[in-house]
Amino acid sequence: MIALVTTYFLISYILVPGVLFRFLTSWFVPLKLFERTRTQEATFAVTVALLPFAITLFGVWNLPVMRHLPFPIAEGTAAQRTQDYQRVTAILTASDASRLLLNNPSATNNDANWRALNQVIRRQARFLTWYFVLIALEGVCFGLLARRYGEWQSRAPRYRMRLWLIRTFILPNISEWHLLLTSFNWPQHEDVDVTIDILQNDGILYQGRVADYFIAPDGKLTGILLENVSRFDREAYHEAQKTSVPESIPNPKAAQPISSAAFWRTIPGSRFYIGQSSILNLNVRFVARDQTLISLAEKILDAQDTNTYEVTVESEEETSQHPDIYS
Amino acid sequence: MVVDLKKLSEALGRSSPEEDLRRDLQRILSVRKPEIDQTLASGQSYVLRIPDGRRIRISRRPQPAEAIQ
């Protein structure tokens, strides 16, 4: 019986709050998914549950609504409450609980024991209801705070206190890949995209915009989904480099340099998946939106402000007119 | 991968996507300016690939009607 009670407390007060918190926070930001040891998992759950537990305890003892709802009971004095718990403890630790509950000639105080059991169960149900509600609220707040991080980080002096709160309690629990492969670190209104250069084990270099990423239960990256992908034609580039330097030129450095931009081949299709096992290294780049690109390019080209140049960003359809044929 | 996310976030925050883009554009456009001007002078537009993979089309801005008259 004691083992059952211990399991009940462990599940209701530590495991369920941890799972509930993770579930609700994951609506807003993906949390770290490391396979933790039981001790680490318990520490995380206890830390998460500490504040809601304290508030619930205060509420069910002092606040009118939380004190009576849900599962209302006729609350007695503190002494009666203590007596209820003593009776229930006696039932749970008794070697033969039926002697204290079943109606038989040798039984004593059966009705009082049932009443005490009912009161304790209702109090537990009321406490857990409020406890889970507060855990859920904490999870949602955690997620919402984390989502505003980029906004506040861009105005660090103004939001110093909030940033400290997030960096201390929230950031260490967010997946590092979320920080690297999304625009989490920048304000939403800046509309920052993440583009990535991926060098594969076989020497092929891909470039594209990160559409999604996938993480294993142990927190490791399993793959990246790209869109608007190009492959660098290294062979053609080397060939062009060789042919651009005729043997007659004594100093190869004096030859016209070859631009690598012409050797990127567009890959047809809207989604391109690269598995982690084939990734050698990543070059992550956070890029400003198209409107910023246009205004910057026009400004730089038009140094004298003559309003001569017009810049437009080519759409993905236009850039994929000459797709790579996987040569 | 065990990373100090606080440090990573601060390091990322020190760079600015707009500033990086400005630097890239300045470097590329200053080299290509004569080539761009030559292409535009022949009545064509010039397509340039920037390091993040996007392509921009540079053309002459159409002159307002009064200016043509």
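## Helices H4 and H6 of chain A

In H4(A), Asp84(A), Tyr85(A), Arg87(A), Val88(A) and Ile91(A) meet residues of H6(A), namely Ala112(A), Asn113(A), Ala116(A), Leu117(A), Gln119(A) and Val120(A). Two residues are in contact if their C-beta atoms, placed from the backbone, lie within 7 Å. This contact divides into seven nonpolar, two polar and two charged residues. Ala, Val, Leu, Ile, Met, Phe, Trp, Tyr, Cys and Pro count as nonpolar, Asp, Glu, Lys and Arg as charged, and the others, Gly among them, as polar.

## The model

This is a predicted model, in which local features need pLDDT of at least 70, side-chain atom pairs count only at pLDDT 80 or more, and totals for chains, interfaces and linings use all residues. Residues are numbered from 1 along each chain as its sequence is written, while chains are lettered from A and ligands numbered from 1 in the order in which they are written.

## Angles between the helices

H4 (residues 78-93) of chain A packs on H6(A) at an angle of about 105 degrees, and their axes are 8 Å apart. H4(A) is therefore roughly perpendicular to H6(A) (65 to 115 degrees).

Helix H1 (residues 2-25) of chain A also packs against H6 (residues 110-147), at about 35 degrees with the axes 8 Å apart. Among the H1(A) residues in this contact are Pro17(A), Leu20(A) and Phe21(A); H6(A) contributes residues including Phe132(A) and Ile135(A). The residues of this contact are ten nonpolar, four polar and one charged.

## Chain B

Three helices and two strands make up the elements of chain B (DSSP runs: helices H or I, at least four residues; strands E, at least two). Their order from the N terminus is α-α-β-β-α.

Note on methods: Axes are lines fitted to C-alpha atoms, for helices over the stretch in contact, and angles run from 0 to 180 degrees between N-to-C directions. Angles under 35 degrees count as roughly parallel, over 145 as roughly antiparallel, 65 to 115 as roughly perpendicular and the rest as oblique.
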